[in-house]
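Here is a set of questions and answers on one model, meant to be read with the coordinates open.

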Amino acid sequence: MFNFFKKKETDAGKIYAPLDGTVMDITEVKDELFSQKILGDGVAIEPTDGKIYAPFDGTVSTFPDSKHAFGLESADGLELLIHFGMDTVRLEGEGFSPKVSEGDTFKKGDLLMECDVEFIKSKGYPVSTPVVITNMDSFDFKIEQSKGEVKHAETVVISYKKK
């Protein structure tokens, strides 16, 4: 009867898994930039396939020519780095098929990129994918899931709020 007093559930302040796979603690990544949280804090996902989806509604803020990583910005200013694999910058874009460009807007669950996992692995690169908040000083955040299976656009891996 008094449902208007209840808070409406929204996606604001939630980062959903951008990949299907197994989430792991960022400190387990075999790259010191990520494992020591030099670029920021977050999680890493060992993907079951090479599809990367939007973890929230936002904008593509950076997208290097190497296509191995990109920066996303949420409507409330959170900056997120998704970095597919380790040292994959050396592939110079080979094995990556972006579906968006720098400056594009997207909705949670939109397909952002496809990566050829088997090709990348055949070149000797691990495919563990860090998902990192790069402007941590502006947000309080909590890792919601640091172990186990995750599904893109369904599993919340990080929750946050502006400081």
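Q: In which loop is Thr-27 found?
A: This is a predicted model, in which local features need pLDDT of at least 70 and side-chain atom pairs count only at pLDDT 80 or more, while totals for chains, interfaces and linings use all residues. Residues are numbered from 1 along each chain as its sequence is written, and side-chain values use heavy atoms, with hydrogens and water left out. Helices (H or I, at least four residues) and strands (E, at least two) are DSSP runs, numbered from the N terminus. On that basis, Thr-27 is found in the loop between S2 and H1.

Q: Is Thr-27 buried, partly exposed or exposed?
A: Buried means under 20% relative accessible area, exposed over 50%, and partly exposed in between (1.4 Å probe, protein chains only). The relative accessible area of Thr-27 is 44%, so Thr-27 is partly exposed.

Q: What distance separates the C-alpha atoms of Thr-27 and Val-117?
A: Along the chain, Thr-27 and Val-117 are 90 residues apart.

Q: Which residue meets Lys-147 in a salt bridge?
A: A salt bridge is a side-chain nitrogen of Lys or Arg within 4 Å of a carboxyl oxygen of Asp or Glu, and the structure holds five. The one at Lys-147 has an N to O distance of 2.3 Å. It links distant parts of the chain, 119 residues apart: Lys-147 is in the loop between strand S12 (139–143) and strand S13 (148–150), and its partner is in the loop between strand S2 (21–25) and H1. That partner is Glu-28.

Q: Why does the salt bridge of Asp-57 and Lys-107 tie together separate parts of the sequence, and how far apart are they?
A: The closest N and O atoms of Asp-57 and Lys-107 are 3.8 Å apart. Asp-57 lies in the loop between strand S4 (51–53) and strand S5 (58–62), and Lys-107 in the loop between strand S9 (105–106) and strand S10 (111–115), so the parts tied together are apart in sequence by 50 residues.

Q: What volume does the largest pocket have?
A: On a 1 Å grid over the protein atoms alone, a pocket is an open set of points where a 1.4 Å probe fits, with protein on both sides within 12 Å along at least five of seven lines; lining residues have an atom within 4 Å of a point. The largest pocket is lined by 13 residues, and Asp-11, Ala-12, Phe-56, Asp-57 and Tyr-160 lie nearest its centre. Its volume is about 160 Å³.

Q: What is phi of Ala-153 near?
A: Most residues other than glycine have a negative phi. Ala-153 is found in the loop between S13 and strand S14 (156–162), and at 19% relative accessible area Ala-153 is buried. Its phi is positive, near 60°.

Technical notes: Grid points are joined across faces, edges and corners, and a volume is the space filled by probe spheres set on the points.
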